[in-house]
Amino acid sequence: MTISEPATGRTPLKEADAEANRQLTTLEGWRRFAAGPPSPPVLLPPAELDGLSPVEQALYDEDRLDHHARMLVVATSFVEKTVVCGRRLVLLNRHAISARRGLMVSGLPGTGKTSALTQLGLAHELLDRARHPNVADRIPVLYITVPPAATARMIAAEFARFLGLPVRARSNMTDIIEAVVGVCTDTRTGLVLVDEIHNVSQVTRAGAEVSDTLKYFSERLPATFAYAGINLETSELLAGTRGAQIASRFTLVPTRPFPYGAEWKGLVATMEQTLLLHDHPPGSLVKLDRYLHRRTDGMIGALSHAIRGAAIDAILTGTERITKTSLDAIELDHAAETSASPLKNATRQ
């Protein structure tokens, strides 16, 4: 929204509908994601800024707040490795009749697993669109998340929900699966992304049935499956015979916290370049890159949260700049806050 639009253009109902449509677990939400984020607002020069009315100023600030609220995806080495590995598997599976190989993205929370998974999906989606321009009935990517305590029917329903297929209380598993397979086959689905896969436990009956359902989908659909989850190497997903089958067919790409080095400095510099603040000295955030590494333990999720949160505070308070003090004021996740070393604590005092 620009400042030229009337303030009455925003309504709670429209905002709620828009938020629902942004969910990646629906086809419309995924397509909105694939279309890319809106262009960032233009940072006005002082003369134009002083000429804004109170309403125009409020809308201008709201656009900047919305810009900083969006999660920035940076092409890190981990994201690039995930995309390259995933694209390779898609190509290798192109003519496979069975036993297609898949991808597992694993790591600690906040290390960018979901971002890497969705960037793989985005790369596949955009390539498919380029190859088949002006063809609206293709669904090259399907994205779901595994709910906690999921059952096999819940997983099948997640597939159907993404596609917009109705799932009624009387619908049985066979009906749901056949409908999903039919639509995915007709629309040439080539990549299935399954997030939060660590919620599947092979040691429980329900978890084993979920695993079997995913395996059945992978056998029925001519698609490459990519999973993302927390510490999959040691999770119950790979337990037992079913887990051994997954381990033998899936390539694992691990992610870890970033060490303090050139790539970390590049991350901080890239995020600083996206700031839309009127009184933020360029390069001042880069000078805090070592502090930011200690503060976040090298977690890209915590880094993004700290910088975006401090930028939002800078607009709300009118300071229009990010400082070490304002970064200190941003509460991070519990893991980042409680894993502090004595040296890390010293830098925050």
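Start by selecting Cys85, which is buried at a relative accessible area of 6%. Buried means under 20% relative accessible area, exposed means over 50%, and partly exposed lies in between, with a 1.4 Å probe and protein chains only. Next select Cys184, also buried, with a relative accessible area of 2%. A disulfide is a covalent bond between the sulfur atoms of two cysteines. Here a disulfide is counted when a pair of cysteine sulfur atoms lies within 2.5 Å, and the count comes to 0 disulfides.

This is a predicted model, in which local features need pLDDT of at least 70 and side-chain atom pairs count only at pLDDT 80 or more, while totals for chains, interfaces and linings use all residues. Residues are numbered from 1 along each chain as its sequence is written, and side-chain values use heavy atoms, with hydrogens and water left out.

**The whole chain**

Show the cartoon. The protein has 16 helices and 5 strands. Helices (H or I, at least four residues) and strands (E, at least two) are DSSP runs, numbered from the N terminus. Of the 349 residues, 43% count as buried. Among contacts with a separation of 6 or more, 74% are between residues 24 or more positions apart; contact means heavy atoms within 4.5 Å.

**Helix 9**

Select residues 205-220, which form helix 9. The expected span of a helix is 1.5 Å times one less than its number of residues. For the 16 residues of helix 9 that gives 22 Å, and the end C-alpha atoms are 22 Å apart, which agrees.

Colour the buried residues of helix 9: Gly207, Ala208, Val210, Ser211, Thr213, Leu214, Phe217 and Ser218. What covers them? The cover includes helix 7 (152-163), helix 8 (173-186), strand 3 (191-195), strand 4 (224-230) and helix 10 (240-249).

Zoom in on Thr213 in helix 9. Thr213 is buried, with a relative accessible area of 7%. Leaving aside residues up to four places away in sequence, Thr213 touches Ala152, Ile155 and Met173.

Now pick Asp212, also a residue of helix 9. Is Asp212 buried or partly exposed? At 33% relative accessibility, Asp212 counts as partly exposed. Draw a distance from its C-alpha atom to that of Gln202, 10 residues away along the chain: the separation is 9.7 Å.

**The largest cavity**

On a 1 Å grid over the protein atoms alone, a cavity is a set of points where a 1.4 Å probe fits but cannot get out; a pocket is an open set with protein on both sides within 12 Å along at least five of seven lines; and lining residues have an atom within 4 Å of a point. Grid points are joined across faces, edges and corners, and a volume is the space filled by probe spheres set on the points.

There is 1 cavity of 30 Å³ or more, and the largest cavity has a volume of about 210 Å³. Select Lys215, Ser218, Tyr227, Arg249 and Phe250, the closest to its centre of the 18 lining residues. The elements that give two or more residues to this lining are helix 9, strand 4 and helix 10. Helix 9 has the largest share, 5 residues.

The lining of the largest cavity divides into 7 nonpolar, 5 polar and 6 charged residues. Ala, Val, Leu, Ile, Met, Phe, Trp, Tyr, Cys and Pro count as nonpolar, Asp, Glu, Lys and Arg as charged, and the others, Gly among them, as polar.

**The second largest pocket**

The second largest pocket has a volume of about 410 Å³. Select Val90, Arg94, His124, Gly190 and Pro222, the closest to its centre of the 18 residues that line it. Helix 5 (77-92) and helix 6 are the elements that give two or more residues to the lining. Which element gives the most to this lining? Helix 6 does, with 4 residues. The lining of this pocket divides into 5 nonpolar, 6 polar and 7 charged residues.

Follow helix 6 (residues 113-131) to Leu127. Leu127 counts as partly exposed, at 28% relative accessibility. From Leu127 to Pro140 the sequence distance is 13 residues, and the C-alpha to C-alpha distance is 9.5 Å.

**Two loop residues**

Most residues other than glycine have a negative phi. Select Arg188, in the loop between helix 8 and strand 3. Arg188 has a positive phi of about 60° although it is not a glycine.

Finish at Asp297, in the loop between helix 12 (289-296) and helix 13 (300-317). Phi of Asp297 is also positive, near 60°. Asp297 is partly exposed, with a relative accessible area of 27%.
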